[in-house]
Amino acid sequence: MQHYVAAARDFVEAHAIGITVAVVTGASLLALRRWMAGGVCRSKARLDGKTVLITGANTGIGKETALDLARRGARVILACRDLTKAHMAANYIRQQSGNNNVVVKRLDLASLQSVRDLAKDVIFNEDRLDILINNAGLMMCPKWKTDDGFEMQFGVNHLGHFLLTNLLIDMLKKSAPSRVVIVSSLAHEKGRIHFEDINLDLDYQPLASYRQSKLANVLFCRELAIRMKGTGVNTYCLHPGVVRTELGRHTFPTSLWKNPLLYPILMMIKTPREGAQTSIFCAVDESLANVTGLYYSDCALKTPAPAAMDDSVAKRLWALSSSMVGLV
């Protein structure tokens with residue numbers, strides 16, 4: 001035994017620098033990973049008797065958000081385009097949460113008729129709607145068109161949710177205090193609304209389109225808060241962080257995510273559960289009960305880009321969006 005102890009001591013002494021570097025590097029990487037994970041929603045708020053609708057809840061942060069809110073006792077509606085995946089997600093959420101009050105409804109945000117059909121279903125079949133989470137989205141897809149002829153990213157990320165929220169707003173008012181949570185992105189900071197070419201027909205760039213749609217999300221949140229003043233309907237917009245989800249499938253092929261050589265890098269990216277924390281925070285945290293129209297990241301208030309705080313642009317975008325989806 002003494003021989004092994006002596007050998008170990010000799011090894012440590014001979015490799016003291018290397019061992020120190022390894023320990024410091026490991027501790028630093030662990031600290032970096034914890035920092036990258038971001039904030040955590042600490043609220044213990046229960047949602048018994050409340051109804052939540054989450055778009056795109058069959059995967060990624062939407063699914064994790066749905067699981068958390070189901071655990072809090074809410075009736076959770078998964079509004080999804082892919083019904084097979086949605087039913088699989090619903091079964092998983094029921095099993096993991098012990099809450100059987102999880103239902104699936106079809107929603108294709110690339111079709112305004114589908115949005116109207118879902119809203120009609122919810123209004124007719126649901127008694128209340130306490131929280132609407134506009135979570136679904138596309139990122140940097142090719143130049144595709146929605147069923148109604150709109151550029152796909154602007155149509156799905158903004159217009160579909162704009163129409164859905166407006167169609168359900170009376171139900172949210174009736175259920176007040178209620179919340180509308182809009183998942184945006186840090187990408188909004190470099191975005192601008194191309195009023196002269198809203199569908200980017202003249203010069204389509206996937207990244208420019210994505211940035212425009214995410215800026216539209218923040219502006220929509222801001223203008224909606226103004227319009228809902230005094231109704232008990234509060235709005236919140238957020239950046240979830242860089243998250244390992246299917247959202248980046250048009251930018252990074254699935255095979256790339258599975259490359260073992262990239263594992264150290266992927267370890268630095270948020271998991272869907274970590275990415276869902278700010279959505280959950282905005283949906284339930286008691287400290288936000290009397291605030292509205294603001295922007296959050298890592299479960300904390302953040303200041304959005306100056307372009308996202310321009311009320312004149314927000315009003316102009318509202319008018320244009322209303323016209324595009326047929327609300328005026």
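Cysteine 141 counts as buried at 0% relative accessibility, where buried means under 20% relative accessible area, exposed over 50% and partly exposed in between, with a 1.4 Å probe and protein chains only. The model is a predicted one, in which local features need pLDDT of at least 70 and side-chain atom pairs count only at pLDDT 80 or more, while totals for chains, interfaces and linings use all residues. Residues are numbered from 1 along each chain as its sequence is written, and side-chain values use heavy atoms, with hydrogens and water left out.

**Cysteines**
- With a disulfide taken as a pair of cysteine sulfur atoms within 2.5 Å, the count comes to zero disulfides.
- Cysteine 221 is in no disulfide, and the nearest cysteine sulfur, belonging to cysteine 237, is 4.9 Å away.
- Cysteine 221 is also buried, its relative accessible area being 0%.

**Helix H3**
- Helices (H or I, at least four residues) and strands (E, at least two) are DSSP runs numbered from the N terminus, and helix H3 covers residues 60-71.
- The expected span of a helix is 1.5 Å times one less than its number of residues, so the twelve residues of H3 should span 16 Å, which agrees with the 17 Å between its end C-alpha atoms.
- H3 is largely enclosed by the rest of the structure, because nine of its twelve residues are buried; among them are Ile61, Leu67, Asp68 and Leu69.
- Just after H3, glycine 73 takes a positive phi of about 100°.

**Valine 104**
- Valine 104 lies in strand S3, which runs over residues 102-106, and is buried with a relative accessible area of 19%.
- Leaving aside residues up to four places away in sequence, valine 104 touches Leu78, Leu83, Ala86, His87 and Ala90, a contact being heavy atoms within 4.5 Å.
- The C-alpha atoms of valine 104 and leucine 53 are separated by 9.7 Å, although these residues are 51 residues apart along the chain.

**Second largest pocket**
- On a 1 Å grid over the protein atoms alone, where a 1.4 Å probe is used, a pocket is an open set of points with protein on both sides within 12 Å along at least five of seven lines, and lining residues have an atom within 4 Å of a point.
- The second largest pocket is lined by 15 residues, of which Leu47, Lys50, Pro177, Arg179 and Ala283 lie nearest its centre.
- Strand S5 (178-183), strand S6 (233-239) and helix H11 (277-284) are the elements that each give two or more residues to this lining.
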